[in-house]
Amino acid sequence: VLRLGLQTERYSFSFGSMAPIPHRLHSTALVLGLDTELSDSILVRFEMDPGFYGTDYDDFGRDTFNIPVTIGGTYIVSSNFQIVFGVLIDGLRKYPVLPGGGIRWKFASQWTLNAVAPTPRLEYEPNSDLLFYAGADIRATPYRVEKNFGDLRGNPALNHAAVTYAEVRTGGGLDWKLTSAMKFSLEGGVIPIRDFDFHRTNVRYHQDGIAPYA
């Protein structure tokens with residue numbers, strides 16, 4: 001299975017002009033993926049997302065162009081139990097190679113423990129068209145700030161620095177199949193953890209307040 005697409009994401013933050021926090025972070029990237037079977041029990045996924053990861057499209061260039069790569073696989077023990085493993089490769093991160101994985105266990109006819117990072121959750125499926133879930137969403141994406149970012153905030157070391165924005169979401173939601181070709185999704189909860197890590201300059205900021213999301 002070949003997967004081709006385009007994805008874009010934008011964060012906006014409200015801070016004072018002198019705060020060493022970006023007012024916005026956004027990315028626009030291609031999605032180039034391939035899923036294949038090595039055997040009846042082993043599935044393999046490869047994906048790369050080349051594109052822009054920065055704060056301002058006027059700053060698009062070699063430093064704000066990045067190619068995160070995900071390589072993963074699934075070992076099918078049975079129809080009710082699978083083991084998932086993988087690795088994320090990203091040169092802008094503090095740790096360029098991060099392992100991941102987990103298990104998917106359908107332990108009852110309507111209940112599934114989908115404990116696979118970055119979105120571990122418990123699922124309840126009362127029928128084939130409706131799915132309820134509760135769990136977490138762990139996000140950590142690196143960006144590069146603009147060339148004068150540090151000068152404007154009194155710390156030139158932060159000019160064009162790489163920053164990893166990380167957040168953890170906890171909540172619940174539902175997926176409702178309206179038709180065979182259309183699905184409605186609704187999710188809400190809170191964000192208890194948000195971090196801005198300028199790891200190459202040893203500058204890190206942590207947000208203690210809890211924010212709702214929907």
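Residues are numbered from 1 along each chain as its sequence is written, and side-chain values use heavy atoms, with hydrogens and water left out. Because the model is predicted, local features need pLDDT of at least 70 and side-chain atom pairs count only at pLDDT 80 or more, whereas totals for chains, interfaces and linings use all residues.

**View 1. The aromatic pair of tyrosine 165 and phenylalanine 196.** The structure holds eight aromatic pairs (rings of Phe, Tyr and Trp, the last by its six-membered ring, with centres within 6.5 Å; planes under 30 degrees apart count as stacked, over 60 as edge-to-face and the rest as tilted). One of these joins tyrosine 165 and phenylalanine 196 in a tilted arrangement, at 5.0 Å centre to centre and 40 degrees between the planes. Tyrosine 165 belongs to strand 12 (residues 162-179) and phenylalanine 196 to strand 13 (residues 182-198), so the pair ties together parts that are 31 residues apart in sequence. Strands are DSSP runs of E, at least two residues long, numbered from the N terminus. Tyrosine 165 is buried at 3% relative accessibility, and phenylalanine 196 is buried at 4% (buried means under 20% relative accessible area, exposed over 50%, partly exposed in between; 1.4 Å probe, protein chains only).

**View 2. Arginine charges over tyrosine rings.** The charged end of arginine 121 sits over the ring of tyrosine 133, 4.0 Å from the ring centre. For arginine 169, the charged end sits over the ring of tyrosine 213, at 4.9 Å from its centre. The criterion is NZ of Lys or CZ of Arg within 6 Å of the ring centre and within 35 degrees of the ring normal.

**View 3. Histidine 199 in the loop between strand 13 and strand 14 (203-207).** Histidine 199 counts as buried, with 12% relative accessibility. Its side chain reaches the backbone oxygen of leucine 92 at 3.3 Å. Leaving aside residues up to four places away in sequence, histidine 199 touches Leu92, Arg93, Lys94, Ala162 and Thr164 (contact means heavy atoms within 4.5 Å).

**View 4. Phenylalanine 107 in the loop between strand 8 (97-105) and strand 9 (111-116).** Phenylalanine 107 is partly exposed, with a relative accessible area of 40%. Residues up to four places away in sequence not being counted, phenylalanine 107 touches Thr112, Leu113 and Leu122. Valine 31 and phenylalanine 107 are 76 residues apart in sequence and 33 Å apart in space, C-alpha to C-alpha.

Notes
Helix = DSSP H or I, 4+ residues; strand = E, 2+ residues; numbered from the N terminus. Polar contact = N/O pair within 3.5 Å; in protein donor to acceptor, adjacent residues only side chain to side chain.
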